[in-house]
Amino acid sequence: MTAPLLDVCHLTHVFRHGRLILRAVDDVSFQIQEGEIFGLVGESGSGKSTVARCVMNIYRPAKGSILFQGIDICDPRQRRANQKLLQTKRQLIFQDSASSLDQRMTVAEIVAEPMAIHRIVPPRGSLREEAKFQLYYVGLGEDCLDKYPTELSGGQRQRVAIARALSMEPALLVADEPIASLDVSIQAQILNLFRHLQEEHGFTFLFIAHDLAVVRYLCSRVAVMFRGKIVEIAPTGELFRDPLHPYTRALLSAIPIPDPQAERSRPLPPFDLPAPQGVLTEAAPGHYVLRSP
Amino acid sequence: MSALLDVQDLSVTFHSPHGLVEAVRGVSFSLQAGEVLAIVGESGCGKSVLCKSIMKLLPESAQIVGGRILLKGTDITGYTEREMRRLRGRAFSMLFQDPMTALAPTMTIGRQIGEAVLVHRPRLPRAALRRRVAELLDLVGLDPAAARLCPYALSGGMRQRSVLAVALASEPSLLFADEPTTALDVTIQAQVLDLLRAIQQKLGTATVLVSHDLAVVARAADRVAVMYAGKLVETGTAEEVFYDPRHPYTWGLLRALPARAREGEPLYTIPGMPPSLIDPPKGDAFACRNEYALAIDYEEMPPMFQITDTHFAATWLLDPRAPKIEPPVGRWSK
């Protein structure tokens, strides 16, 4: 097997607030292979965004290492030596496109900004042509180029954010709940777009969500996080067929069913589970679950 | 039995720099006491404007241009701000999408609930007030000790519960819940919906539940109204709308749910975008996105066709002259 694109080893991140110490991410390890869509699922506060931020060097983890294409991004010396590569080959898409796009820039400026910053000579002549090309890829027309983010709908704004991230031709795309703030009908469009782009470009994807139904459609492998720990990692099909950890089961049964009679009679799963403990053990090939040793 | 709320042919317009926006176009519905009605539609279809126009919480640029709003048989369409103030809270109350912005960040939730109680019972002694706040917290499933906490110390679900306690402080007979679970996790969503349902059964509060997600609505609603481009296109009981949907837009909404997707297949999406409500199209507003559109859809607005006593849909496909089309969705079986 080739070396994974992203290798997260024993990652731990701690937030301090006075005397209060919160282990937001507690000894998390996972690998993402090249060309894979990896889902990270959990409720708010489970630490999934913190993992994403550590991967993007926004937070400095307390312990552990993160290898991206063999570079240890937690080591300042290695990071400085590969700064340009790290800044272009990893891209992040945020949940709220209204605040992640500059209100005072036109769409063309937003999409072309990364190229201008990295002084990349646009292969298609001008930065504007380049922006047009990227927008075309995510399904937006030329008429959007001179609009401001406030003039766009939520789905269109999220497409602009995706176009900006893709303009760098990243190897790894980290998407932190990219569709949580969109309408159901628009969610489907963006999900299809992600899938189409991944097939076309073949980039690797770390997809963060709180909704398992969405992950099932998009991801090839899924990790479930609960209170800072990964409790289960499995190929998507297997996780849905045979969930082993009680928390995964509870999450699975929380997916609302669009059927009034079935939905009303469905009992609520218990979520006040004890804090997870134990070590990840392999239950089936490729299927890991947190168990007490 | 006269309905608690009866909205007849309501139209609301906004003045905007680009022209007159017809946000709500001839909406009629009625609500019985103790009933949960869900209004479902995409963003911008006018569902929030509809709720706010009933409570008269619209900005100055908006205007009710037609129709009547009857509350317990009384016409409140022409009520002044002063008369409305007396109704708000007592007759109807509202629950917003984002519980963090609906609460004052530096005030304990006990004080915020107490404030809402005092507005309607100004002379309540302090001990009785404290009892009432504890009672309300208990009603929404929070520990009365939580009264001493500020909103930032609470989780999203707890915040939404405390906003609900504020909304229920004056025992309204009608509660508007505008996307109450959108900002919450899947795991908390069902809990809040069950709470809404339980309170509605306990206090007999009628609820208007606004959402963009049909799956969420299935758990709580007695009746469902699907809204598109400022109009109601289908109304019926939850069973009728989910098991026997008639309008092509309802089919689209149901098919787009990720829960319905099968592995390996692309998700269904409704093609195109909702039309602009400045000078909306002449015929059926959904026609240009509708794969089953008939020629007449582009010419004339379809009337509400009656299917059963409670089930109505506005699509020309229900006209006896229209070709028979097998709906792509129906009873959830697989």
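Two strands pair if DSSP finds at least two bridges between them, where strands (E, at least two residues) and helices (H or I, at least four residues) are DSSP runs numbered from the N terminus. This is a predicted model, in which local features need pLDDT of at least 70 and side-chain atom pairs count only at pLDDT 80 or more, while totals for chains, interfaces and linings use all residues. Residues are numbered from 1 along each chain as its sequence is written, and chains are lettered from A and ligands numbered from 1 in the order in which they are written.

In chain B, 8 strands form an open sheet of mixed pairing, in the order β6-β7-β8-β3-β9-β10-β12-β11. Its edge strands, β6 (92-95) and β11 (305-306) of chain B, each pair on one side only.

In chain A, helix α5 (residues 107-117) packs with helix α7 (residues 154-166) at an angle of about 30°, their axes lying 7 Å apart; axes are lines fitted to C-alpha atoms, for helices over the stretch in contact, and angles run from 0 to 180 degrees between N-to-C directions. Angles under 35 degrees count as roughly parallel, over 145 as roughly antiparallel, 65 to 115 as roughly perpendicular and the rest as oblique, so α5(A) is roughly parallel to α7(A).

Where chain A touches chain B, the contact (C-beta atoms, placed from the backbone, within 7 Å) takes 30 residues from chain A and 33 residues from chain B. On the side of chain A, the elements that give two or more residues are α8 (184-201), α9 (212-218) and α12 (260-265), and the largest share, 6 residues, comes from α8(A).

Definitions and conventions:
Contact = placed C-beta atoms within 7 Å.
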